[in-house]
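Let's take a walk through a protein model together. Have a look at the sequence and the 3D view first, and then we'll pick out some features.

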Amino acid sequence: MKKKILNICMAVLLAALCCFHTGCGFNKYLLIGSEEEIYNQTVDDFFQALDTRDKEALKDMFAPSVRKKDKTLDENIDKLLECYSGPTDVCKRDGGMVAGSYSNDHGKGSAEVDSGFPVVSNGKYYWCYFTLMYKNDWDKDEIGIKEVRLATIEYECEARYAYDAESRAGMMDKGGDDSDESALLVLTECSVDYEARFVGGYPKKFTAIDRELSQAQVEEFFQTSYSYSEFVKEFGQPNVPGEFTGGSCAYELSDEADEPRYLHLILDNDGDTIFSAWVVNDLDVKGISKVWSIKDMEKE
């Protein structure tokens, strides 16, 4: 009986090894566990291969269907290796914040997830958009990386503002037939006449203003008012203005432990009521601390 169990285990192990060496290597990620873990590990392995300049490893991580269809994938991997020297110092991927597309039918299913996040290498800031299909019971060739877009912070910032300015029909719009577009895009050709910074995890146009603003000053203000116009009267214009009424803006605060700090204000539709105020850093979407919330005041 023990010998039979051992033979079964050896057969399973051999099958797994054969699968790994014959093009289904992505299956190893399915052993990790949760969707979040699979996504994070895939991104980490991608950037590790990028840092070690392993072109074949990068290519093999894309889904077999992508490798078959994308005639410019090799060329774009070469461009990626040329433009991104590495090493990767910071990668803010978060598999817990991905957007997902899922299908289920008669016990079969598919799962495709994507997200964008900041990446820092040698003092250079990038935005990475990463799409992964980790399950497809109908077509195993679809499993793997489906799309990677790596852009400089300047390119991504300009694209986002153009997108907003054109009523969400601009250069970030994916509408139309993009079937011939490569699954790997390296977007670096962009010059801007402003400073681009990450604020709260996203690229923003930033205007430097000669002032000192502390969290303590802000907290004192909210003791008596939550009017945005009054806030501007007291502290001046934001470093990151809102793009539309009822949006958000940001003020640069004094650094803390050599890490950037910003005050992120979320405004009501009337443009003058401050809904909430959070202290954020440069690369993390999640706020560091809440300074003010109108909901908290309503509970009192």
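Which residue in β10 is the bridge partner of Ala 250? The partner is His 264. Before going on, keep in mind that this is a predicted model, where local features need pLDDT of at least 70 and side-chain atom pairs count only at pLDDT 80 or more, while totals for chains, interfaces and linings use all residues. Residues are numbered from 1 along each chain as its sequence is written, and side-chain values use heavy atoms, with hydrogens and water left out.

**The chain as a whole**

The protein chain has 9 helices and 12 strands. Helices (H or I, at least four residues) and strands (E, at least two) are DSSP runs, numbered from the N terminus. Of its 300 residues, 40% count as buried; buried means under 20% relative accessible area, exposed means over 50%, and partly exposed is in between (1.4 Å probe, protein chains only).

**A sheet with a helix across it**

Back to that bridge. β9 and β10 run antiparallel and are joined by 7 bridges. They belong to an open sheet of 4 strands, in the order β9-β10-β11-β12, with antiparallel pairing. β9 and β12 (289–293) are the edge strands, each pairing on one side only. Two strands pair if DSSP finds at least two bridges between them.

Now find helix α8, which lies across β9, β10 and β11 and runs at about 40 degrees to β9. That angle is taken between N-to-C directions, from 0 to 180 degrees, using lines fitted to C-alpha atoms, for helices over the stretch in contact. In α8 (residues 228–235), the buried residues are Tyr 228, Phe 231, Val 232 and Phe 235. Seen down the axis of α8, these residues fall within an arc of 100 degrees, so they line one face of the helix. The arc is that of the directions from the helix axis to the C-beta atoms. Why can a helix have a face like this? An α-helix has 3.6 residues a turn, so residues three or four places apart point the same way.

On the other side of α8, you'll find Lys 233 and Glu 234 exposed. The cover over the buried residues of α8 includes α7 (215–221), β9 (248–256), β10 (259–267) and β11 (274–280).

Helix α5 (residues 73–83) has Leu 73, Asn 76, Ile 77, Leu 80 and Leu 81 as its buried residues. They cover an arc of only 145 degrees around the axis, which puts them on the same side of α5. Glu 75 and Glu 82 are exposed on the face turned away from that buried side.

A search of the whole structure finds 18 aromatic pairs. Rings of Phe, Tyr and Trp (its six-membered ring) pair if their centres lie within 6.5 Å; planes under 30 degrees apart count as stacked, over 60 as edge-to-face and the rest as tilted. Here are two stacked pairs:

| Pair | Centre to centre | Angle between planes |
|---|---|---|
| Phe 222 and Trp 292 | 5.3 Å | 5 degrees |
| Tyr 226 and Trp 292 | 5.2 Å | 20 degrees |

Phe 222 lies in the loop between α7 and α8 and Trp 292 in strand β12, so their pair ties together parts that are 70 residues apart in sequence. Tyr 226 is in the loop between α7 and α8 too, 66 residues from Trp 292.

Definitions and conventions: Contact = heavy atoms within 4.5 Å.
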